[in-house]
Amino acid sequence: MHVTTLRRLRSWAGDGQRNTVVVQSAKAATAAVLAWILAERLLGLPQPFLAPYAAVFMIEVTVSRSLRVAGEQLAAVSLGVLLAAAVGMLLDSVTVGVGVAVLTGLLLGRWHRFGSSGVWVAVTALLMVTYGDSDQPAILGDRILAIALGAGTGVAVNALLLPPLYLRRSERAVTGLGSTATSLLCDVARELRKPGTGGQPDRWAERAAHVRVQLDDALDAVAWTDESARANMRRAAGAAAAGRKWKPAVVALSEDWPQCTEIVRATSLALAPQPPFGPLDPEIRESAAAFVDALADVIRAEFAFADSRDAPVAACRTAEERLRNFEDAVSSHSGLTRGSSMSAGSILRPSAAALSLLTGESPASPSGTGSVDGGGPGVE
C-alpha cells in the first residue's frame, strides 16, 4: 500500500500539465496578495480590491500573452472609466445611465484591438455609474491607477516567477512525427522491393491518417513553444527559441503529407491491382522503391534538426536523382500494358509534388508523364 501511494504521488508530480496548473494558480495568488499590499497598504487607494482583481487575470499561459492582455484590459478599463464619466456628466438618471453605459460599452468593446477584454468597457462603466461616483474625476483616476497597478503586478509575477515555457511537448511531438512518417514510407519501399516485408499494407491508410493527427498536434505544440519563448527570461527559453527551426519542417511536412498519402495509397493499389490497374514491372517497382526510400531520408534529415544543412541538401539531391530515374524507368519501359501504365502513373504523379513541397521548390511535371496514363484515384 505504501509503495502504491508513492507511485501515485510520483505520477501526480510528474504530470507536466498538472504542475503547470498548480504553479500558475500559486502565481495568481501571489500576484493578488502583492497587488493588495501595494494598493491598500502602500498607496492607500480608496478601492484597493481592483488591483488584485486585475492581477489575477494577468497570470496567462505565456508571458507574451500576459503583456498583450494587460494592454488590452488597461485600455478597455480606461475607456470604460471615460465612458462612465461622460454618462455621469450628461445624464442625471442612474437608470437611464446604466442602459446607455452598457449599450455604448458593449458596442465600443467589440473593437478587435480589445481582444477578449472588450467586455470590460461595458462592465467598468456599469459599475461606476451604479456606484454613483462616475462624475468624480479623482475617483476615476484612482480606479485606473488600481487597475494599472494590478495589471503591472500580475505581468511582473508571471514574467519573473517561473514564467511558463512549453518545450517538452514540442520535443515529443516533433520526434514522434518524424519517426512515424519515415517508418511508414520505409515500409512502403520495402513492400515495393519484396512483397510481404513492408508490414501490413491494409493498415497503411490508418497509419497515414495517424501521421496527419500527429502533424496537427506538432503544429499546435510548436506554436505554443514559439509563443512561450517570447519575452521569457528563463534560461531554457533559449532552447525554445532555437526550437523555432522546428516550425518550417513541420509546416513543410504538413503541406506535403497529402501527396505522401497519395503515394502510399497508389502503391497499395498497385501491389494488389484491380482493373483497370495492372501489376507493376519489377524494374519500375525497384525505381519507385528507391525514390520512396529517398523521400523518407529527406524527412529524416529535416527532422534531425542538425546545425548544418549538409545532410538535408544531400538527401534532397539523392531524392531528385532517384525521381528522375523513376520517371525514366516509366517513360522508357517498352511493353507496358495500359493497366501497368496507370499503376505506375498513379505513384509517379504525386511523387514530384511530394519532393518539391519538402524542398520548398515549385512543383514540376514529371518528365516521364507524357507517355504515362496516370490517373490514379484521388490524384489532384
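This is a predicted model: local features need pLDDT of at least 70, side-chain atom pairs count only at pLDDT 80 or more; totals for chains, interfaces and linings use all residues.
Contact here means heavy atoms within 4.5 Å.

Ala-315 is found in helix H13. Is Ala-315 buried or exposed? Ala-315 counts as buried, because its relative accessibility is 12% and the cut-off for buried is under 20%.

## The overall picture

Let's step back to the whole chain. The protein has 14 helices and 0 strands. It runs to 380 residues, and 44% of them count as buried. Take the contacts between residues at least 6 apart in sequence: 78% of those join residues at least 24 apart.

## H8 against H11

Two packed helices are described by the angle between their axes and the distance between the axes. For helix H8 (residues 168-193) and helix H11 (residues 246-271), the axes come within 11 Å and cross at roughly 25 degrees. That makes H8 roughly parallel to H11, since angles under 35 degrees count that way. As for handedness, H8 passes H11 in a left-handed crossing.

Which residues do the meeting? On the H8 side they include Val-174, Leu-177, Ala-181, Leu-184 and Val-188, while H11 brings, among others, Trp-246, Val-250, Leu-253, Trp-257 and Val-264. Sorted by class, the contact of H8 with H11 has 13 nonpolar, 2 polar and 2 charged residues.

## Two nonpolar cores

In soluble globular proteins, nonpolar side chains tend to be buried together. In this model the largest nonpolar core has 55 residues. Those with the most contacts inside it are Leu-177, Val-250, Leu-253, Trp-257, Val-292, Leu-295 and Phe-303. At least two residues of this core come from each of H8, helix H9 (204-229), H11, helix H12 (282-302), helix H13 (310-332) and helix H14 (338-359). Which helix gives the most? That would be H12, with 11 residues.

Leu-253 is a handy place to look around: not counting residues up to four places away in sequence, Leu-253 touches Leu-177, Ala-181, Leu-215, Ile-299, Phe-303 and Leu-358. There is also a second, separate core, made of 29 residues, with Ala-76, Val-77, Val-81 and Trp-120 among them.

Conventions. Residues are numbered from 1 along each chain as its sequence is written. Side-chain values use heavy atoms; hydrogens and water are left out. Axes are lines fitted to C-alpha atoms, for helices over the stretch in contact, and angles run from 0 to 180 degrees between N-to-C directions. Helices (H or I, at least four residues) and strands (E, at least two) are DSSP runs, numbered from the N terminus. Angles under 35 degrees count as roughly parallel, over 145 as roughly antiparallel, 65 to 115 as roughly perpendicular and the rest as oblique. A crossing is left-handed if the near helix is turned anticlockwise from the far one by less than a right angle, and right-handed if clockwise. Ala, Val, Leu, Ile, Met, Phe, Trp, Tyr, Cys and Pro count as nonpolar, Asp, Glu, Lys and Arg as charged, and the others, Gly among them, as polar. A nonpolar core is a set of buried Ala, Val, Leu, Ile, Met, Phe, Trp, Tyr and Cys residues joined through side-chain atoms within 4.5 Å. Buried means under 20% relative accessible area, exposed over 50%, partly exposed in between (1.4 Å probe, protein chains only).
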